Amino acid sequence: MEQKRILVLCGGQFAFPALQTLGLEKFLCGVGIGKGENEALKVIERETQNSGLPYQSFPTKDSLVNLKSWIEELQPDYIFSISFPFLLSEDILSYGEERFINFHPGPLPEYRGPMPLFEVLRYQEKETAISVHFMNPEFDEGAIILKEKLAVSPNETYGELAIKLSERTAMVALNVAHMLQFGSQIPRTEQDENQARYFEKPEVTDTFIQWKRMPADEILSLINACNPWNQGADTLLQGRNIKILSASLSKDQHTDSPGKVLQLTQEGEMAVSCLDGQIINVQIIAGDFGIQTVERFAAKKPVVGLFFNS
């Protein structure tokens, strides 16, 4: 049986393990990358050149005008999309029905949108999923082929979850490739629109800690959801922009107003009061001063008794 040829459209580093796995198994016939990080672009371009694979960059949505002709030149059996940042038009999708397959790093239809990892962590989900689905002219709406569920570990950060999903996506992509190679029929289940939610890319208002409205667990979840892509959750300290990258729940409680720096602990952490009487201990912060431990920051600026605010 002739090996299926798969073109992968991707958006950067998240797709690396899948590219390597599909390449080793001889499924990969080309790589297209859209608007990725500069270093990721260089790495993918170098690796494709070394392996002799066709490579194209699509830095803007307008550059997709060349995508269909490139696909027709390569003649892949299937096109996998792994964190590709642009919506594909009906004209591009007309290359072949059920040939375009997206690997969405979140549960569908509940977590549609460009950054489901952030939303899954912010809403304190205990599990997430890699949702494999056929592509149509709308974001994340095509029929689902399969879902691979993964547990979300306690206190897991965005970066940690992204690495875990990236590595698992490689295995899921390989399994799908084998299904396409040897299966007689591809499974499909239409998405339930009654359960659908679409989340836009987070804005500044989404990343700010609301000390007077958010209990401790929500604050910690937001901090984890913002680390490292936003360098932590945003807040203000005496009008100064501060990002909190790392914090944990204290066993102690308080009766003060929320957002107050109660003390510096023996471990050099900043104990901050929360709305629900809980206390979080802040370890690492960032700002125009760089990324620092709280202990170092507090050595230069007295903080006990000050209030964080949004």
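Buried means under 20% relative accessible area. This cut-off is used throughout the legends below, which describe a predicted model.

**Figure 1. The buried residues of helix α8.** Helix α8, residues 216-225, is mostly covered, with 8 of its 10 residues buried. These buried residues are A216, I219, L220, S221, L222, I223, N224 and A225. The elements that cover them include the helices α5, α6 and α7 (204-207), together with the strands β8 (233-237), β9 (240-253) and β12 (278-287). An α-helix has 3.6 residues a turn, so residues three or four places apart point the same way.

Figure 2. E156 is placed in the loop between β7 (144-151) and α6. Is E156 buried or exposed? Its relative accessible area is 8%, and E156 is therefore buried, since the cut-off is under 20%. The side chain of E156 is joined to that of K164 by a polar contact of 3.2 Å. Leaving aside residues up to four places away in sequence, E156 touches L121, A151, L161, K164 and N224. One of these, N224, is also among the buried residues of α8.

**Figure 3. Strand β5 and its two faces.** In β5, 5 of the 5 residues are buried, so the strand is largely enclosed by the rest of the structure. In a regular strand the side chains alternate between the two faces of the sheet. Both faces of β5 are covered: the buried residues F100, N102 and H104 lie on one side, and the buried residues I101 and F103 on the other.

**Figure 4. The strands paired with β5.** Strand β4, residues 78-82, runs parallel to β5 and is joined to it by 4 bridges. Within this pairing, I101 of β5 is the bridge partner of F80. Strand β6, residues 127-134, runs antiparallel to β5, again with 4 bridges between them. Here F103 stands opposite V132 of β6.

**Figure 5. The largest pocket and its lining.** Rolling a probe the size of a water molecule over the atoms shows where empty space is left. The largest pocket has a volume of about 1300 Å³. Its lining consists of 43 residues, and those nearest its centre are G11, S83, P114, M115 and Y158. Which elements each supply at least two residues of the lining? They are α1 (16-24), β5 (100-104), α5 (116-122) and α6 (158-182). The largest share, 6 residues, comes from α6. Sorted by class, the lining contains 22 nonpolar, 14 polar and 7 charged residues.

Technical notes:
Residues numbered from 1 in each chain as written. Predicted model: local features only at pLDDT ≥ 70, side-chain atom pairs only at ≥ 80, totals over all residues. Heavy atoms only, no water. 1 Å grid on protein atoms, 1.4 Å probe; cavity = no way out; pocket = protein on both sides within 12 Å on 5 of 7 lines; lining within 4 Å. Points joined across faces, edges and corners; volume = space filled by probe spheres on them. Nonpolar A, V, L, I, M, F, W, Y, C, P; charged D, E, K, R; others polar. Buried < 20%, exposed > 50% of the residue type's maximum accessible area, 1.4 Å probe, protein only. Pairing = 2+ DSSP bridges. Polar contact = N/O pair within 3.5 Å; in protein donor to acceptor, adjacent residues only side chain to side chain. Contact = heavy atoms within 4.5 Å.
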